[in-house]
Amino acid sequence: MIPAKYNVRNLRVRWVTTLMTVVSTGLVVWATVLTFGLVEGLEHALRISGEPLDLIVLRKGTTEETSSSIEQNVAKEISNLEGIATDATGQPLCSSEFVTILTKPRRGDGGTTNLIVRGLQEMGRAMRPSFKIVRGRDVKPGVNEVITSERMAERFQNLALGEKLEINKVLFEVVGYFEAAGSSAESEVWTDLRDLTGARRTPEALSCVNLRCRDEAAKSTLLKRLREDEQFKLDAIDEPAYFERQMNAAVAIKYAGIAIALFLTMGAMFAAANTMYAAVASRGREIGALRAIGFSRRSILFSFLLESVMLCLLGGALGCLGTLPLNGFSTGTANWATFSEITFAFRFGPTVLMQGVLMAVAMGLVGGLFPALRAVRMPIIQALRET
Amino acid sequence: MTSLANEKTKATKLIMHILFYIWRNLTRNKLRSMLTILSVGFSLALMTVLHGYQAMQASWGKEAEKYQRLVVMSTQGFSGQVPIAHVDRVRGMDGVEAATPYAWFGGKYKDEEMAFAQFGCDPAAVFNVWDEFKIDSQQLEEWKRTRNGCVVDRRLAEKRGWKVGERIPLQGTFYSFNLDLVMCGTFDSPKTNDSVWFNWLYLDEGLQAMKARGAGNAGTIFARTQKADELAKVAKAIDDRFASSENPTRTQTEAAFAQMFVDMLGNVRVFILIIGVAVVFSLSLVTASAMAMSTRERTTEVAVLKAIGFSRRRVLVTILGEACAITLIGGLMGITIGGSFLELLHVVSSQFFPFSFREMLGTWIVNLIFVSAAIGLVGGIVPATRAAQLTVIDGLRRVV
């Protein structure tokens, strides 16, 4: 076997070519990992939004909170059902909520988009994953106040602390920023339930009920009870499934990401092949000598493949490292299930980085294969004679 | 006169010579040129697809501009109220030719979610608003008579194999009323519209009977103006008319309305730009590296050329020309591949890609061609200047 040091030295001797190839594959990997990180961020935000024991109760026939409506007495009966978990004071973990969509301008030149405003009470806020106020304070009922996440405040006009958001000609003051573990709740604006329905002039309206089951057994009984009740005409969906469905919104971006990766990998493969052909061509004598002193064809093939993979991996590593400063950088797009804005942070987790590295390996292998085969096929005499 | 003509033929001859020389160099190491071309090609194919996607959105807006239509919606957005009485008020306004309620139903067909679009509208007015759509007058009369009737985009009906008389049950998602539609006819539209149009009154009566949410709401109003240049004026007049009412409106052109959905996607433009910059930079390096290899191999040759009297400029031009030729061929190939890919998407799913590549052609293609030539220039500049500055002695002495 030819030691790997041989390849390292070769790469170092032709450092200009090496550097150029490394940077160009690096850029390609960077662009791809960026796209994958975007998809991963979006999926992550939706994935962690679903609490396994939580149920969302909607009107039968709807699939979204935004299009559902439930009567108040029905909501009251739901909260009295058996099997709902309770908090320390014995209150059922059950939240009646009203959800509406407003069309609002983005900051800067981003046009308008839809914004989810959710009216809920203290219990509902406490049920969100690690909900906490990070700046300002929580809303007080009855005085038209809203809270939102810092990301939303950056993206939308009139959503920063102290600014006023207009809902049906009623002004709501932004009094605080909250966090909810990066879940999709952070893409919403929250206010008091009755303040919101009041402003929308539908004082009795409710969209959905969010409840937490005591345990798995209680969850399946509750699901059955809610779905089969003829009188209520309700549908209950467990939260992870609800958000799983919204993930379809990311499918288009995902396909785009794959297409980008495919085209760019192809392009980079040819570039790598070029570099390796040049390497083989300029080392005819060396290859002949290696063969003459007894290295097998296979070890030469392996050696050149290794060199090619090393070359591309260097680029891949560079590309992956280049995305790290963008980790956590927030962005937003449309959630096509609700037709409204969802904000999330880029995430370059192990899977995404692994994909980038694999892509680099693929470039190296495919790009290096034909040059390596050429090196192997060279007859010893002719190779030694080459200048 | 003759000397001028002579000069001209001489210049042409010279250019022909240089081109020939470039071509010979290009084909000398066919493998390397091929690989560089392919590398540029695939990357530019990607850029073509991404920019084509943007161009498609632009075409969409341009298409919408042709028809003098306005869209009236609630200032609160899609979930707001546009009372049905607004429709008649809009019709009565100066400059408005026709108007119809246009309520998005979004129902499930059998078990399919979002299988196609469904809109509640006014059968008597809707074909005056979309006056470029064609429908058989008998079928239209039939639809006006049938309360639960509907008309369907011909392409959609053909895809689904629906015939006149087909029952189309739709389960409401946003509305709690379920529709049981009967197909009365098909209409032809210039672009895939993929919609089912039913009578708004049928939905409203159902909702009223159930005392359900959404009764009396037109959703949005689509209106056509009499004159193309009055769009902005009429839009403002409509908004002013309702500004102090319970339900103020926001009126925009159909193009702006379409743009709203594009805006919802967020900063796609920036994203495409970032990827584009990364790709262009990467390709410049690829080209530079390939050209460096070629010129290194040809050091002696360049020295000989100079020894027999080739000027520096000529050497520079030859090598830069070679680099540009490679990236241009790659660019043209990439645009062809990307264009075919877009065409394929259009054929496979005309709902999401309503424009063929031919309809999207524009300056952006020319820009991409320029970009590919520029990649060659940037990539070739270092090897070319190095070759041009090479002294004859050094070049001849160097052993490769």
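In the predicted model, the domain assignment divides chain B into domain 1, which is made of the two segments 20–62 and 266–397, and domain 2, which covers 76–247. The C-alpha centres of these two domains of chain B are 50 Å apart.

For chain A, the assignment likewise gives a domain 1 built from two segments, 4–47 and 249–385, together with a domain 2 that runs over 54–212, and here the C-alpha centres of the two domains lie 46 Å apart. Contact between them involves 13 residues of domain 1 of chain A and 15 residues of domain 2 of chain A. On the domain 1 side of this contact, at least two residues each are supplied by helix H2 (15–47), strand S11 (330–335) and strand S12 (340–345) of chain A, and S12(A) gives the most, with 5 residues. By class, the side of domain 1 of chain A that touches domain 2 of chain A holds 7 nonpolar, 5 polar and 1 charged residues.

Taken as a whole, chain A contains 13 helices and 12 strands. Its radius of gyration is 29 Å, well over the 21 Å that the globule rule gives for 387 residues, so chain A is more spread out than a compact globule. Along the principal axes, the C-alpha trace of chain A spans about 95 × 45 × 35 Å. Of the 387 residues of chain A, 51% count as buried, and among the contacts in chain A with a separation of 6 or more, 82% are accounted for by residues 24 or more positions apart.

How values were computed: Residues numbered from 1 in each chain as written. Chains lettered and ligands numbered in written order. Predicted model: local features only at pLDDT ≥ 70, side-chain atom pairs only at ≥ 80, totals over all residues. Domains from an automatic or database assignment. Helix = DSSP H or I, 4+ residues; strand = E, 2+ residues; numbered from the N terminus. Rg over C-alpha atoms; globule rule 2.2 N^0.38 Å. Buried ≥ 20, exposed ≤ 12 C-beta atoms within 10 Å, placed from the backbone. Contact = placed C-beta atoms within 7 Å. Nonpolar A, V, L, I, M, F, W, Y, C, P; charged D, E, K, R; others polar.
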